[in-house]
Number of protein chains: 2
Amino acid sequence: VTRVAVLGAGLVGGLIARDLAAEPGFSVVAADLSQTRLDALEGVETRRADLSDTGEITRLARESDVVVGAVPGFLGPTVQRAVIEAGRPLADISFGPEDPLALDDLARERGVPAVVDCGVAPGLSNLFVGRSAAEMDEVAEAVIYVGGLPFRREWPYEYGVVFSPTDVIEEYVRPSRFRENGVEVERPALSERERIDFPRVGTLEAFNTDGLRTLLQTVDAPTLKEKTLRYPGHAERMQMLRDTGFFDRAPVRLGGVEVVPRELTEHLLFRSWKLPDGEEEYTVLRVRVTGTRAGRAVAQSWDLFDRTDVEGGDTSMARTTGFPCAIMTRHLASGRWNRAGVHPPETVGRDRELADAMIEDLRARGVEIVFREDDA
Amino acid sequence: VTRVAVLGAGLVGGLIARDLAAEPGFSVVAADLSQTRLDALEGVETRRADLSDTGEITRLARESDVVVGAVPGFLGPTVQRAVIEAGRPLADISFGPEDPLALDDLARERGVPAVVDCGVAPGLSNLFVGRSAAEMDEVAEAVIYVGGLPFRREWPYEYGVVFSPTDVIEEYVRPSRFRENGVEVERPALSERERIDFPRVGTLEAFNTDGLRTLLQTVDAPTLKEKTLRYPGHAERMQMLRDTGFFDRAPVRLGGVEVVPRELTEHLLFRSWKLPDGEEEYTVLRVRVTGTRAGRAVAQSWDLFDRTDVEGGDTSMARTTGFPCAIMTRHLASGRWNRAGVHPPETVGRDRELADAMIEDLRARGVEIVFREDDA
């Protein structure tokens, strides 16, 4: 039997635990500090654990053959280090601001394979870029468009989240770094808005956000970009809030009290953006990679579309983030991916056979992925 | 010599004091708590005074033949009552939420003439409605459009103020009361947006605000409306802030501290809306009154346009608010308007000869006013 520890049993961790528990021969333990979260997990063994405590992580890892990291971003580095130190393979989606490859030396030293940023974007976006790059002699350009949105468009934001708006607001503030014709550039978040039509959902608006992460280091292409997708107008409204100071972290003195504008804004947007129970949402991811193969210019595109699983009760946000990680975990457990070191998904994607198998596994779970190659 | 006391020496009070001090035979004293404000007033006698102190107001009034009330709204009732009690004629622009005619009985009892709401809107808007109504047998409809705007349109608000945004935000929150086909209605502020072209400034957007005040009591017409003018898009942005909760007065608990969203928003919009020194702005006021005269349907319209006096250094906001009050003060001083009681400007406007003289006095100060009558 393969013993799996899933660290973090939130919306995404819970889905990963359930997905893996359904695998014959797998014995899964889901760990979280919140008993409420654990109680919500049916058919999975649970363990109450403080995942900020290295000792607890080490214990859980040592009892397992493979570990999933699905904790909030701020706990990510602690969990990753403890699991690698314990010598256990790791699939991780704990998205944080740190360099995701920081523990590469440690993992090599310990002979442990770890795959990080293992969600949708970062995650599948990287996998698709790597899969396309593997077939090209040179990559000229890789462009990623990604967004998760509700079907129902409610004024003024036409947006909704199932978690706190903190990370989204941070995405709208942090300068966006990318590469353009061989030059590393930095532009403000929310800039360079362009409208793009998508077959299922109509016209969306794409704008700069800082999402390339490892791709800037691992992909040797003159142009690399990632843009976030929202309904048209959303980005302008966010820029208005940002420019007015509503996203400021510097406190303002009001009647003798220090107030951090961003905290109030998060509080108010949490109310405005909260997706009501049962509200259906979707994920779109479009990756376009151009380059040359045997002297011919080619363009490959990947179009992913996914929506709320109404019967299963899983949001598309959780599905597209959790499934890639659950699938990767199987390939770590089986030893199919056993390269020591910390690897981002684009490296996994360069293993064409493995990437294709992963894509088939996603399709089997109802995630639509359309691949297409054209002359460029 | 005619002794005038101007209570309040802010942007508007200061302009009124200077205007009156230039009148031959007038001796003007401007009173304010702020020495800085008083020091900025050239060529006018000044007096430091606490205008929240009834005793001080009474003293100043008793030393004068006529009094101007130009204090912040919250001090308005105190100043008005003390001046009327002291038996002195009053021209007032201290715009507050209270019923402006509340002291009518007291003024009649004391035999004192007082004209309130004596600015631009309320103020000239009322005067124009009264002047038109005086020529009609029946008034069918009176519609007022008014706005003060900077020439330079800076994203995202395309708006600017020379004072605090508090009153403006209050205007965007308070439900707008008006009359439509004989029915009193209440609609949300910022609603029923419509675009209107103005000759000097292009397309503006008009929306409901609560500005009719006394007109709802004094004008017997089935339809009465006032709308505020801004550049297109401003109202939608304000509605977004309002609907998200940024204008809420109910405190929100953030990290153990109570925060009033409106207070933070006022602080941030103060920075965003602050009109830089020397930035030119303008005022547009359009009043349209339709009705019948001797069985014929007629439509009268009043189009006012005014802009920053670059040489004199006065904003159009101060000019259009202060000049009507300064002019009214002269007619109170001369006894031309001596009717005991508290009167709004539409009542003064029904005195056609006086209204025409006041309009000429405004034109002499560079305020453009175009009158027009058509068959309706």
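Q: Which side chains meet B:E236 and A:R237 in this structure, or rather, what do the side chains of B:E236 and A:R237 meet in?
A: The side chains of B:E236 and A:R237 meet in a salt bridge, with 2.9 Å from N to O. The cut-off for a salt bridge is 4 Å. The model is a predicted one.

Q: How many salt bridges are there between chain B and chain A?
A: The count between the two chains is four.

Q: What area is buried between chain B and chain A?
A: The size of an interface is often given as the accessible area lost when the parts come together. For chain B and chain A the buried area is about 2,400 Å². Carbon and sulfur atoms give 73% of that area.

Q: Within chain A, at what angle do the axes of α6 and α13 cross?
A: Helix α6 of chain A covers residues 124-133 and helix α13 of chain A covers residues 352-364. Their axes come within 10 Å and cross at roughly 140°. Angles over 145 degrees count as roughly antiparallel, and α6(A) and α13(A) are therefore oblique to each other.

Q: Is the crossing of α6(A) past α13(A) left-handed or right-handed?
A: The crossing of these two helices is left-handed.

Q: Which residues of α6(A) and α13(A) meet?
A: From α6(A) come A:L124, A:L127, A:F128 and A:R131. They meet A:R352, A:A355, A:D356, A:M358, A:I359 and A:L362 of α13(A). By type, the residues of this contact are seven nonpolar, no polar and three charged.

Q: At what angle do the axes of α6 and α13 cross in chain B?
A: In chain B the axes of α6 and α13 come within 10 Å and cross at roughly 140°. That angle makes α6(B) oblique to α13(B). The crossing of α6(B) past α13(B) is left-handed. Among the residues making the contact are B:L124 and B:F128 of α6(B), and B:M358 and B:I359 of α13(B).

Q: Is the peptide bond from A:W155 to A:P156 cis or trans?
A: The bond is cis, with omega near 5°. A:P156 lies in the loop between β7 and α7 of chain A. Another cis peptide bond joins A:A121 and A:P122, where omega is about 10°. A:P122 belongs to the loop between β6 and α6 of chain A.

Q: Is phi of A:D117 positive or negative?
A: Phi of A:D117 is near 55°, a positive value, and the residue is not glycine. A:D117 sits in the loop between β6 and α6 of chain A.

Terms used
Residues are numbered from 1 along each chain as its sequence is written. Chains are lettered from A and ligands numbered from 1 in the order in which they are written. This is a predicted model: local features need pLDDT of at least 70, side-chain atom pairs count only at pLDDT 80 or more; totals for chains, interfaces and linings use all residues. Side-chain values use heavy atoms; hydrogens and water are left out. Axes are lines fitted to C-alpha atoms, for helices over the stretch in contact, and angles run from 0 to 180 degrees between N-to-C directions. Helices (H or I, at least four residues) and strands (E, at least two) are DSSP runs, numbered from the N terminus. Angles under 35 degrees count as roughly parallel, over 145 as roughly antiparallel, 65 to 115 as roughly perpendicular and the rest as oblique. A crossing is left-handed if the near helix is turned anticlockwise from the far one by less than a right angle, and right-handed if clockwise. Contact means heavy atoms within 4.5 Å. Ala, Val, Leu, Ile, Met, Phe, Trp, Tyr, Cys and Pro count as nonpolar, Asp, Glu, Lys and Arg as charged, and the others, Gly among them, as polar. Buried area is the accessible area (1.4 Å probe) that two parts lose on being put together, summed over both.
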